[in-house]
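Subject: Structure handover

Hello,

The structure is placed below, and my notes on it follow. Please read them with the model open.

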Amino acid sequence: PVKNLSGGEQIAVSLALRLGIAKALCSSLQFIVLDEPTAFLDEERRKKLLNIFKSIRSISQIFIISHHQELEQIADNVIYVTKRGGISKALPAIT
């Protein structure tokens, strides 16, 4: 039962179901937006998820919102969002 899974396992199952449903409903996904897909995952599961993201070829763009910096290693572009004076600012990563 799902209730017996850890928080990270529940996140992984939820993500797999959502991607599967999206793929079934739309034969050619142009992009997906994932908000904190690595929340509650331990380091080992985050690494496995990174490998999955790297291997996805059928979706041309994946936007990932995360606090986990290891996701940057698979990104083509990184944008940092900070809040200053109650206003959010988007800043490109310094290379």
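This is a predicted model: local features need pLDDT of at least 70, side-chain atom pairs count only at pLDDT 80 or more; totals for chains, interfaces and linings use all residues.

Ile 79 is exposed at 59% relative accessibility, where exposed means over 50% relative accessible area, buried under 20% and partly exposed in between (1.4 Å probe, protein chains only). Ile 79 lies in strand 3. Not counting residues up to four places away in sequence, Ile 79 touches Ala 90 and Leu 91; a contact here means heavy atoms within 4.5 Å.

Residues are numbered from 1 along each chain as its sequence is written, and side-chain values use heavy atoms, with hydrogens and water left out.

Overall layout

The chain has two helices and four strands, in the order α-β-α-β-β-β along the sequence. Helices (H or I, at least four residues) and strands (E, at least two) are DSSP runs, numbered from the N terminus. The C-alpha trace spans about 45 × 30 × 25 Å along its principal axes. Of the 95 residues, 18% count as buried. Among contacts with a separation of 6 or more, 48% come from residues 24 or more positions apart.

The accessible surface is about 7,400 Å², and carbon and sulfur atoms hold 56% of that surface. Those areas come from the Shrake-Rupley method with a 1.4 Å probe; for residues, only the protein chains shown count as cover. As to charge, the mean positions of the 12 positive and 9 negative charges lie 5 Å apart. Lys and Arg count as positive and Asp and Glu as negative, with His and the chain ends not counted; each charge is placed at NZ of Lys, CZ of Arg, CG of Asp or CD of Glu.

Core

The largest nonpolar core has 11 residues: Leu 15, Leu 29, Ile 32, Leu 34, Leu 41, Leu 49, Leu 50, Phe 53, Ile 56, Ile 59 and Leu 71. Strand 1 (31-35) and helix 2 (43-55) each supply at least two residues of this core, and helix 2 gives the most, with three. Such a core is a set of buried Ala, Val, Leu, Ile, Met, Phe, Trp, Tyr and Cys residues joined through side-chain atoms within 4.5 Å.

Leu 71 sits in the loop between strand 2 and strand 3 (79-84). Leu 71 counts as buried because its relative accessibility is 9%. Beyond its neighbours within four places in sequence, Leu 71 is in contact with Thr 38, Leu 50, Phe 53, Ile 64 and Ser 66. From Leu 71 to Ile 94 the C-alpha distance is 16 Å, at 23 residues apart in sequence.

Leu 29, also listed in the core, touches Ala 22, Lys 23, Ser 58, Ile 59 and Ser 60, with residues up to four places away not counted. Ser 60 is in the loop between helix 2 and strand 2 and is exposed, with a relative accessible area of 55%. On the same exclusion of neighbours within four places, Ser 60 is in contact with Leu 29 and Gln 30.

Aromatic pair

A search of the whole structure finds one aromatic pair. Phe 31 and Phe 63 form it edge-to-face, 5.9 Å centre to centre and with 85° between the planes. Rings of Phe, Tyr and Trp (its six-membered ring) pair if their centres lie within 6.5 Å; planes under 30 degrees apart count as stacked, over 60 as edge-to-face and the rest as tilted. The pair links distant parts of the chain, 32 residues apart, with Phe 31 in strand 1 and Phe 63 in strand 2 (residues 61-65). Phe 63 is partly exposed, at 41% relative accessible area.

Backbone

Glu 36 has a positive phi of about 55° although it is not a glycine, and Phe 40 has a positive phi of about 70°. Glu 36 is in the loop between strand 1 and helix 2, and Phe 40 lies in the loop between strand 1 and helix 2 as well. Phe 40 is exposed, with a relative accessible area of 67%.

Regards
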